[in-house]
Amino acid sequence: MSSFIISYDLISDKDYSKLYEAIRNYGYFAHVLESVWIVNSSDYSTTIRDNLSSYMDSDDKLFVAQLSGESAWRNLSAKVSDWIKSNT
């Protein structure tokens, strides 16, 4: 299983609860920043992108990339920091 970073810009002001639920359904996730998540999955980046795109409008922006190697952060909660250390 690999770790993936998901980042998005939601253009419309609508209910995106199904998008958030789809991200949480990956099971192992951290909500790092307002529009940035990290998930663990055996899927490819393109599969995650395609899955999440089905919950977004056509003008919304989405970035998915597999994480590897070193990471650094500042001012994240202890819970999120611990998750990142344990899962990436």
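In the predicted model, Ser3 is found in strand 1, which spans residues 2–9. The relative accessible area of Ser3 is 6%, and because buried residues are those under 20%, Ser3 is classed as buried. The side chain of Ser3 is joined to that of Asn40 by a polar contact of 2.7 Å. Not counting residues up to four places away in sequence, Ser3 touches Ile38, Val39 and Asn40, as well as Ala65, Gln66, Leu67, Asn87 and Thr88.

Phe63 belongs to strand 4 (residues 61–66) and, with a relative accessible area of 49%, is partly exposed. Although Phe63 and Ile5 are 58 residues apart along the chain, their C-alpha atoms are separated by 7.8 Å. When neighbours within four places in sequence are left aside, Phe63 is in contact with Ile5, Ile6 and Ser7.

The helices were examined next. In helix 1 (residues 17–24), the residues Leu19, Ala22 and Ile23 are buried. Seen down the axis of helix 1, the buried residues fall within an arc of 100°, and they therefore line one face of the helix. These buried residues of helix 1 pack against strand 1, strand 2 (28–33) and strand 3 (36–41), and also against helix 2 (45–53).

In helix 3, which covers residues 78–87, Val80, Ser81, Trp83 and Ile84 are buried. Because these residues cover an arc of only 160° around the axis, they lie on the same side of helix 3. The face turned away from this buried side carries Ala78, Lys79, Lys85 and Ser86, which are exposed. Strand 2 and strand 3 are included in what covers the buried residues of helix 3.

Empty space was considered last. Rolling a probe the size of a water molecule over the atoms shows where such space is left. The largest pocket has a volume of about 230 Å³. This pocket is lined by 15 residues, of which Ile5, Ile38, Leu67, Ser71 and Ile84 are the closest to its centre. Of these, Ile38 is also among the residues touched by Ser3, Ile5 is in contact with Phe63, and Ile84 is one of the buried residues of helix 3. At least two residues of the lining are supplied by strand 2, and at least two by strand 3. Sorted by class, the lining of the largest pocket consists of ten nonpolar residues, four polar residues and one charged residue.

Note on methods: Residues are numbered from 1 along each chain as its sequence is written. This is a predicted model: local features need pLDDT of at least 70, side-chain atom pairs count only at pLDDT 80 or more; totals for chains, interfaces and linings use all residues. Side-chain values use heavy atoms; hydrogens and water are left out. Helices (H or I, at least four residues) and strands (E, at least two) are DSSP runs, numbered from the N terminus. Buried means under 20% relative accessible area, exposed over 50%, partly exposed in between (1.4 Å probe, protein chains only). A polar contact is a pair of N or O atoms within 3.5 Å; within protein, one must be able to donate a hydrogen and the other to accept it, and residues adjacent in sequence count only if both atoms are side-chain atoms. Contact means heavy atoms within 4.5 Å. The arc is that of the directions from the helix axis to the C-beta atoms. On a 1 Å grid over the protein atoms alone, a cavity is a set of points where a 1.4 Å probe fits but cannot get out, and a pocket is an open set with protein on both sides within 12 Å along at least five of seven lines; lining residues have an atom within 4 Å of a point. Grid points are joined across faces, edges and corners, and a volume is the space filled by probe spheres set on the points. Ala, Val, Leu, Ile, Met, Phe, Trp, Tyr, Cys and Pro count as nonpolar, Asp, Glu, Lys and Arg as charged, and the others, Gly among them, as polar.
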